[in-house]
Amino acid sequence: DPLFRSRESRFLPQKDEDVHAIRLALHNEEQCDVYTTHGLPIFFERDGIVFPTVYTLWKNPNLISYFITWPPVMSKLRNGADLMLPGVANIDELGDFSKGQVVGVSLAGNRAAVGVGVTAVDSGVLAQNGPTGKGVLICHTYEDHLWALGNKELLPVMPYEEIGEIGKEEDERGLGELEDGAEAISPPEDLPEDGGRLLPDLGDMDSLVVWCLVCALKNRLDKSELPLLTS
């Protein structure tokens with residue numbers, strides 16, 4: 001899709017533009033590394049897990065799966081609450097997922113992500129116990145301090161029909177199905193056991209280039225080498 005690729009390309013550094021890695025101290029005294037380009041935070045790393053920001057998900061909505069909730073729940077998430085399973089609107093459409101999997105949160109009627117986190121349980125526990133307890137441990141929300149590092153773009157309106165209703169597109173691509181005995185759900189939704197790095201859809205070269213850039217910043221460069229000129 002040329003339009004989709006064009007949107008993704010806006011996250012790629014252009015000539016003479018800088019890429020920055022910022023280390024933030026959280027309220028619980030933990031540290032978080034934030035990767036920015038074009039003045040926007042695009043990924044952040046916490047506890048060895050790399051998450052996309054809401055800015056990234058607005059331009060690349062299919063990077064991860066979503067738990068859908070109701071608009072009144074947003075104020076609770078913004079105030080620091082986790083997403084509870086009774087508040088999940090698409091509970092019967094989630095399919096298979098693992099505990100600790102990186103997922104997005106969106107509101108009923110609008111696919112645009114309002115939060116990012118990791119699942120608190122796996123689909124097996126959900127099937128056994130029903131929708132009780134926490135569903136998603138929230139790490140980042142729309143209008144939080146991480147969002148404020150960017151251009152403070154307002155929440156876009158993204159009807160589900162524009163990019164495929166949740167569940168249908170994943171089924172067509174075979175997400176959630178195990179192949180060759182693999183224990184993981186198909187990327188980018190799965191969270192590997194060796195550290196939990198989020199992977200892009202390898203069929204999308206623009207996403208792959210952005211991901212390689214983030215990995216290079218994290219694993220190949222010293223902090224003293226940043227900011228890095230791309231010219």
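A search of the whole structure finds three salt bridges, a salt bridge being a side-chain nitrogen of Lys or Arg within 4 Å of a carboxyl oxygen of Asp or Glu. The model is predicted, so local features need pLDDT of at least 70 and side-chain atom pairs count only at pLDDT 80 or more, while totals for chains, interfaces and linings use all residues. Residues are numbered from 1 along each chain as its sequence is written, and side-chain values use heavy atoms, with hydrogens and water left out.

**Overall make-up**

- The protein contains seven helices and 10 strands, which are DSSP runs numbered from the N terminus (helices H or I, at least four residues; strands E, at least two).
- Of the 231 residues in the protein, 46% are buried, where buried means under 20% relative accessible area, exposed over 50% and partly exposed in between (1.4 Å probe, protein chains only).

**Salt bridges**

- Aspartate 33 and arginine 23 meet through their side chains in a salt bridge of 2.7 Å, N to O; because aspartate 33 lies in strand β2 (residues 31–37) and arginine 23 in strand β1, the pair ties together parts that are 10 residues apart in sequence.
- Within this pair, aspartate 33 counts as buried at 12% relative accessibility, whereas arginine 23 counts as partly exposed at 49%.
- Arginine 78 and glutamate 143 also meet in a salt bridge (3.0 Å, N to O); the former lies in helix α3 and the latter in the loop between β9 and α5, so the pair ties together parts that are 65 residues apart in sequence.
- Aspartate 82 forms a salt bridge with lysine 134, with the closest N and O atoms 3.0 Å apart, and this pair links distant parts of the chain, 52 residues apart, from the loop between α3 and β6 (83–84) to strand β9.

**The largest pocket**

- The largest pocket has a volume of about 670 Å³, and of the 23 residues that line this pocket, the closest to its centre are Leu26, His27, Arg46, Cys139 and Asp144.
- A pocket is found on a 1 Å grid over the protein atoms alone, as an open set of points where a 1.4 Å probe fits, with protein on both sides within 12 Å along at least five of seven lines; lining residues have an atom within 4 Å of a point.
- Its volume is the space filled by probe spheres set on the points, which are joined across faces, edges and corners.
- Strand β9 gives the largest share of the lining, five residues.
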